[in-house]
Amino acid sequence: MKEQISELEKIAPDLLHREKKERVFKLPPLPYAEDGKVVTRFPPEPNGYLHIGHAKAAVIDHEYARMYNGKFILRFDDTNPENAAIEFYDAQREDLQWLGIEWDEEYNTSDHLKIHYQLAEQLIRQGDAYVCRCPPEEIRKKRFQRKECRCRNLSSGENIDMWNDMLSSGFSKGVILRLKGDLHSSNTAMHDPTLFRIIEKPHPIHGDRYHVWPTYDFAGAVEDSISGVTHPFRTKEYELRDECYFYILERLHLRKPHLMEFSRLSIKGMPVSKRRIKPLIEKGIVSGYDDIRLPTLRGLKRRGILPETIKQFVISQGISKVESTAPFSLVEAINRKILDPKTRRYFFVPNPVKIVVKNAPKKRIELKLHPTKDLGKRVVETGSTFYIPKDDVQRMKTGETFRLKELYNIRIEKISDDIITTQYVGEELLPDTAKIQWTTDDHICMSVFVSKPLFKNEKYDPDSLQRIDGYAEKAVADIYEGEIIQFERFGFVRIEKQNSKIVGFFAHK
RNA sequence: GCUCCCGUGGUGUAGUCCGGCCAAUCAUUCCGGCCUUUCGAGCCGAAGACUCGGGUUCAAAUCCCGACGGGAGCACCA
């Protein structure tokens, strides 16, 4: 075997060393896609802040449009006035901008209501939809039994009349327009789903101009088609509705897009859905939509996760239908690699312990803000008192020598509860000596908030947000609001200034 | 219960449509080493996977059937 290998080495060395492929963040090719003709859309309901699950959809939609030099549409699916609120249109736009997603066109589904009414009328005339006045329980029961109700067999003329009554407020709540589907289908989504229902609550944009609103099944299909979307994506839980989607378009003689589904994104210990996030905020378990423990774009941003990281992460997850739960460490690893070369380094001493250095030379030193890149310097003046982390102190013994990082070496003479006495023992850089970050008396008191997964074994972890108090070197005062820095030997931290106080949010190691 | 979808190392992912170049990709985590005035980065190395059972075929991660496991839907929410 050995001989064979060395022989191979001589004649065809290439065969022995497989070339490593670069990791590329790229989406697979899209079926039926033509350059310049791909149209995608991101259709959020303006009912909350965007989270990383939305980001997955938005990034994929956007990315494909760019990949094929096509068009990307932002569409607010605001056809339920009970849910939509004006603040969320703006918030969602802002979050997308932060993510670095630019859209070529924007509109609200609610702006197309007139068209939806016309199409609905067409369905009714064709006998493909009917007004149903049965109570919800009965509808459910009949659906289950696969039986039709009385309303189903009225003439299209009668249905048109009732539809007009619906539109002109002749009917109050409880009357709906249903698709005449297939009650015997094994796909329950085809059991005459609701197309339009009455909602009296004023709409955030249109006020009380309309009270008959299309459901997702109708609006989604129709909008994708008439707005020219070629490749609409949605998450897997809609899969059963595909048949309904295409059936509606077929009856309406509208173009059918290449509908595709992918799995929802889930992250270990994090609630990735509005359904799970909202109660946490309402109950005060988290501080708000930008709590650093949340996978909302605002929470991630606050914690120091970059938009580019989210993009790469989402693309690395792919568009398969496999359900999986990714650990957040995957996000951290990407973020760290982007951050590392461009992040300024500073000293922060968590849980500081005081040190006195005998014979300490007074110093005025310049410290680089990055070990290898030229990101500038800061100047520090030292005397004979310092502070170092308690964690390090606990590992020390009398007589040991260690180095105040970038400064000089000291030897421990005495360790007592609140103070450590040491002796200056020279400047030479010694191998195998601990190099510990420090601050002087001229420091800033600050807290760093550290987040752990909100949920531990599916249960809320009350210790998921920790506060670490400590001293930061004075130069930290000059860091701009929102800057992400690295506290050496501590981790990457995003800095915020809250009424003259400096606060840090721990991103990751 | 019924219907649909999914099942690749500890984790995430590529490959599955169109069987052979898969001796299965890349990453992450952990472990070992190098390097480093950070516990970060970088470099090298190690370990580790096609859910199971049948079938088709010269050849199966890939096609077919079945079992098992996981998820979703069965709304006047999206």
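Let's start with the second largest pocket. In this predicted model, 25 residues line that pocket. Lying nearest its centre are Ile267, Lys268, Gly269, Met270 and Pro453.

Now the volume. The second largest pocket holds about 520 Å³ of space.

On to the largest pocket. Its volume is about 940 Å³. The lining here runs to 40 residues. Closest to the centre are Pro43, Pro44, Glu45, His54 and Tyr238.

Where does that lining come from? Five elements supply at least two residues each. Three are helices: H3 at 52–67, H8 at 216–226 and H10 at 274–282. The other two are strands, E1 at 39–42 and E8 at 233–235. Which element gives the most? That is H8, with six residues.

Last, the classes. The lining of the largest pocket has 15 charged residues, 13 nonpolar and twelve polar.

So, to recap for your own look at the model. For the second largest pocket, find Ile267 to Met270, plus Pro453, around the centre. For the largest, find Pro43, Pro44 and Glu45, with His54 and Tyr238. Then trace H8 for its six lining residues.

Definitions and conventions:
Residues are numbered from 1 along each chain as its sequence is written. Chains are lettered from A and ligands numbered from 1 in the order in which they are written. This is a predicted model: local features need pLDDT of at least 70, side-chain atom pairs count only at pLDDT 80 or more; totals for chains, interfaces and linings use all residues. Side-chain values use heavy atoms; hydrogens and water are left out. On a 1 Å grid over the protein atoms alone, a cavity is a set of points where a 1.4 Å probe fits but cannot get out, and a pocket is an open set with protein on both sides within 12 Å along at least five of seven lines; lining residues have an atom within 4 Å of a point. Grid points are joined across faces, edges and corners, and a volume is the space filled by probe spheres set on the points. Helices (H or I, at least four residues) and strands (E, at least two) are DSSP runs, numbered from the N terminus. Ala, Val, Leu, Ile, Met, Phe, Trp, Tyr, Cys and Pro count as nonpolar, Asp, Glu, Lys and Arg as charged, and the others, Gly among them, as polar.
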